[in-house]
Amino acid sequence: MQSEKINLIGFNRIQLINELLNREVITEKEKYRVKQLWHWIYFQGVSDFSKMTTFSKSFQAKLSKYYSTDRPTIINHQISNDGTNKWLIKLSDNNLIEMVFIPEVSRGTLCISSQVGCTLNCKFCFTGTQRLVRNLTAEEIIAQLLLARDQLGDWPTNQFRKISNIVFMGMGEPLYNYDNAKAAVEIIGDKEGIQLSTKRITLSTSGIVPKILEWGKDVDTRLAISLHAPNDLIRNEIVPINKKYPLKELIQACQDYPRTRNSKRITFEYVMLKGVNDKPSDARQLIKLIKGIPAKINLIPFNPWPNSPYECSERSQIKKFSDILNNAGYSSPIRKTRGQDIMAACGQLKSASVKIRKSELNLR
Ligand code: SAH
Ligand code: SF4
């Protein structure tokens, strides 16, 4: 449920203290209550102040007079025949985003969005064709995780964590929403709250070079680079931001990315497009390009969308490509396509949002 009250999700501890002090919800002496409030919101996952049982009735009433911790609204929830979940989420301004949960045997990955749509237009990506674009707030980024935990019954009372990893691989380019993505990761990783280690968070970027190093120094998550091509000629065509930040600069940034903590190996994402970037000679050129960078290469079979201009490479071609990388010493798994039947796979997020958005607005 959405409300007019101030939503506390996304405030860091200091902001939270100041907010509560300013409205005289707490006094200077009661700052300790913010620690308790933090625990209720982010560790217990309780969103109703009246259920925060360590607080007096009068404090609960003061909190609910001004504040909420409401999550955005779920408009649609689909479950793929492989167990992948996709939620269509309506934000308070009626914009829509999508979020995907991919359960696996040993882990569960939540794929979250950082923007409504995307300003870049990689040729193979459905999100890139979406017109409507704005940055998500830190609140909206974090709320996706809270919502997913609500939905999956994944709060601490549950012994086994379903969501063990987070990837910024939903809609949008997270490094174009740097401050909010950073604020969100800091809260998600907080040791007294959600406690999801930054080791288990992967930021995926199409290659916003000046922001990559800054992120590595500031936030230190795992890093995935949407490389997709072994040379500028191909990359300029399919990932147009390459014209601004060409491969030489991108590779240099990968070489310089701090490797001491979480991102020991960088993941390069490589979408397999038939006849475009999938020749054995492309694989060999790729090896030369990333020489010296400890890396893993994820080969992603292209996921088609309505009227998409590409086809996925043949299975045998992908296998050949993978073998060449393997023989050069790189782990190069062929990513299993998940959730394709519900358009929840990489690069397929958008369609439902635009369609449903229109019909929904007609109802009002
Ligand atoms: N904007 C960021 C993160 C979101 S995209 C980025 O580009 O990295 C997540 C991943 O899905 C990226 O590697 C992207 O290149 C890939 N992708 C996009 N469209 C795809 C498609 N149709 N098939 C397979 N992968 C796709
Ligand atoms: Fe944007 Fe990433 Fe899609 Fe490119 S692949 S259009 S950067 S979401």
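## Close-up views of the predicted model

**View 1. Lys162 sits in the loop that links helix 4 to strand 9 (165-168).** Helices (H or I, at least four residues) and strands (E, at least two) are DSSP runs here, numbered from the N terminus. This is a predicted model, in which local features need pLDDT of at least 70 and side-chain atom pairs count only at pLDDT 80 or more, while totals for chains, interfaces and linings use all residues; side-chain values use heavy atoms, leaving out hydrogens and water. Lys162 is partly exposed because its relative accessible area is 37%; the scale is buried under 20%, exposed over 50% and partly exposed in between, with a 1.4 Å probe and protein chains only. Not counting residues up to four places away in sequence, Lys162 touches Phe101, Gly108, Leu152, Gly153 and Asp154, where contact means heavy atoms within 4.5 Å. Ala148 is 14 residues from Lys162 along the chain, and their C-alpha atoms are separated by 9.8 Å.

**View 2. Phe101, one of the residues touched by Lys162, belongs to strand 5 (residues 96-103).** Phe101 has a relative accessible area of 4%, so it counts as buried. Look around this side chain and, beyond neighbours within four places in sequence, you will find contacts with Gly83, Thr84, Asn85, Trp87, Gly108, Thr109, Leu110, Leu152, Lys162 and Ile163. Gly128 is 27 residues away from Phe101 along the chain, with 21 Å between the two C-alpha atoms.

**View 3. Phe268 is one of the residues that touch the most other members of the largest nonpolar core, together with Leu37 and Phe124.** That core has 102 residues; a nonpolar core is a set of buried Ala, Val, Leu, Ile, Met, Phe, Trp, Tyr and Cys residues joined through side-chain atoms within 4.5 Å. Helix 4 (residues 138-152) supplies the largest share of this core, seven residues. Setting aside neighbours within four places in sequence, Phe268 contacts Ile225, Leu227, Cys254, Ile290, Ile293, Ala295, Lys296, Ile297 and Asn298.

View 4. Most residues other than glycine have a negative phi. For Asn94 the angle is about 75°, and this residue lies in the loop between strand 4 (85-90) and strand 5. Asn94 is partly exposed because its relative accessible area is 22%. Asn307 has a phi near 65° and is placed in the loop between strand 13 (295-301) and helix 10 (315-327). With 78% relative accessibility, Asn307 counts as exposed.

**View 5. Leu233 and Lys29 are exposed residues.** Leu233 is part of helix 7 (residues 232-238), and its relative accessible area is 74%, so it is exposed. From Leu233 to Leu175 is 58 residues in sequence and 24 Å in space, C-alpha to C-alpha. Lys29 lies in the loop between helix 1 (13-22) and helix 2 (32-44) and has a relative accessibility of 76%.

**View 6. Stepping back, the protein has eleven helices and 13 strands.** Its radius of gyration is 21 Å, close to the 21 Å that the globule rule gives for 364 residues, so the protein is as compact as a globular protein of that length; the radius is taken over C-alpha atoms, and the rule is 2.2 Å times the number of residues to the power 0.38. The C-alpha trace spans about 70 × 50 × 40 Å along its principal axes. Of the 364 residues, 54% are buried. Among contacts between residues at least 6 apart in sequence, 67% join residues at least 24 apart.

Methods: Residues numbered from 1 in each chain as written. Chains lettered and ligands numbered in written order.
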